[in-house]
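This report goes through the overall build of one protein chain and then some of its local features. The sequence and structure come first.

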Amino acid sequence: MSARDLSLGVDVGGTNTDAVILDGSGAVLAHTKQPTSDDVTGGIRASIADVLATIGTDRNRVSRVMLGTTHATNAIVQRRRLDRVAMIRLGAPAATEYPPLTGWPQDLVDMVLADSAMLGGGHMVDGTPISPLDRDGILRFVDGLDHFDAIAVAGIFSPSSPEQELEVAELLRGHLGPDARVFLSQDIGPTGLLERENATLLNAALYSVASSVTEALVTVVAEEGLDAVTFFAQNDGTLMSLDYATQYPVLTIGSGPANSIRGAAYLSGHDDAIVIDVGGTTSDLGVVVGGFPRESTLPREIGGVRTNFRMPDVLSVGIGGGTIVDVATGRVGPESVGYRINREGLLFGGSTPTLTDAAALGGRSVAGRSLPALPGATSQALERAWEVVADRLDQAVERLSLGRVDIPLVVVGGGGFLVPDRLPSAGEILRPDHGGVANAVGAAISLAGGRADHMASMEDREDAIAQASEAAIAKAIQAGADPLEVSVVEILETHVPYTARPTVNVSVKAAGPLATLTADVAVG
């Protein structure tokens, strides 16, 4: 008999799909890096099969499979397989000057929007209704639609006054049927109507994309005969169940950087550090605080759409292993040979000078290879490029460190050899084992999490914290956390300006270990 104590983490990137298997103590038992396939399923299948083959009969000990993916982001950016969504805004006669989808790229509007309506409803900051909910107007709008896959609903100040959105969802499902896809903005983002509305509409448009990735993972797990519970990684470095991910796919955007940051912190043993993940085209830098990614306080654009759901605070620099060095001009990037580095780089017999070649010329050991004899101009260009790399990375670290020079820098990713052993703006530079698959490790170790916001007057601050905490814990449990071990891990309070009396917005994050499987199984 053997305990089912193994976790399998998968991260689907644009170029590679990584997978790892961790045991109950967190040790890496197997890892792999496989090409990402166009249909997603192929890359997931290859990576999972490879790590399972490595552990042999211990495969029966795998009880959880966690997946992180950039698929939702790519679908928005590339305008692929998005559903058509009808948008209902509750707030008239206020907030009608800027209609839904203001500022969106026109091609994305044409693809996604079935129609929109601004109807009576919404709340003031203190919870006072702006106007009565226009139930008849909602039904007339829906009945007049030609074709739509989902309906998104956004009410003014609905995160702190959710009653009207919930009433609309009940109304629509009663009118259209219980299986109608209705998405509420209170579940997606904090206050800030336009950005929250944008995020809700994107979330609704991603339903079919999320379903396809979910089906791909379930298919591969079934093919491999694994009796395992499956989870998706989300933006804040925590996990959610597959059902939850299908309902809220927009929360997977940013899961790739979040996984890398969490994985780097875990592998290095540092819960407070700057992380740099060096790939073939870019270096992504983030900050881990208390074991979780530091979140951006600014609205983020996804595919040209401004949103306000929480994302890791990530700085991307055009420095990667495939970044091209122009010998004639000395320019470094931003062009990259990407995954073609193994064919086109000088180190691999190609004709294109890259930063991988600059690293090899500078004495770095890369794939056990040596550079051929190079013309003087090429050598000089590569030497200068190596200096440019150090300068750009140092500037990036300085921006994230906020002036501190004692914060460790954890280097992960396949192009980690590009990071010098010393940077003036960084503290100790760490290169943990298995750093090349830190993203998959981050997925495998993640906790289940949930978040909730509540706005109230300062007099009711304690009640607001209690209500937001209760809602966040409930969402974490819905995402798969053990009800007995979930707890609040972060409370943020923001004072709200221009209100008649002092008002505070409370944002609470809860997280906990996944609900455990206690059954033992016989190892075949």
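## Burial and basis of the model

Of the 524 residues of the protein chain, 55% count as buried; buried means under 20% relative accessible area, exposed means over 50%, and partly exposed lies in between, with a 1.4 Å probe and protein chains only. The model is predicted: local features need pLDDT of at least 70, side-chain atom pairs count only at pLDDT 80 or more, and totals for chains, interfaces and linings use all residues. Residues are numbered from 1 along each chain as its sequence is written, and side-chain values use heavy atoms, with hydrogens and water left out.

## Overall build

The protein chain has 14 helices and 25 strands. These are DSSP runs numbered from the N terminus, with helices (H or I) of at least four residues and strands (E) of at least two. The chain is as compact as a globular protein of its length, because its radius of gyration is 24 Å and the globule rule gives 24 Å for 524 residues. That radius is taken over C-alpha atoms, and the rule is 2.2 Å times the number of residues to the power 0.38. Along the principal axes, the C-alpha atoms fill a box of roughly 75 × 60 × 50 Å.

Contact means heavy atoms within 4.5 Å. Among contacts between residues at least 6 apart in sequence, 68% join residues at least 24 apart.

## Surface and charge

The accessible surface comes to about 21,600 Å², and carbon and sulfur atoms account for 50% of it. The areas come from the Shrake-Rupley method with a 1.4 Å probe; for residues, only the protein chains shown count as cover.

The chain carries 37 positive and 64 negative charges, whose mean positions are 4 Å apart. Lys and Arg count as positive and Asp and Glu as negative, while His and the chain ends are not counted. Each charge is placed at NZ of Lys, CZ of Arg, CG of Asp or CD of Glu.

Because 12 of its 13 residues are buried, H6 is largely enclosed by the rest of the structure. Charged side chains are included in that set: Glu 195, Arg 196 and Glu 197 are among the buried residues.

Just after H9, Gly 269 takes a positive phi of about 80°.

## A buried strand residue

Thr 230 lies in strand S10 (residues 229-233) and counts as buried because its relative accessibility is 15%. Leaving out residues up to four places away in sequence, Thr 230 touches Val 65, Leu 217, Val 221, Ser 241 and Leu 242.

## Backbone exceptions

Most residues other than glycine have a negative phi, and most peptide bonds are trans. Phe 157 has a positive phi of about 60° and sits in the loop between strand S8 and helix H5. At 22% relative accessibility, Phe 157 is partly exposed. His 434 has a positive phi near 65°; its loop runs between strand S21 and helix H13.

A cis peptide bond joins Ala 92 and Pro 93, with omega about 10°. The bond from Gly 333 to Pro 334 is cis with omega near 0°, and Pro 334 is in strand S19.
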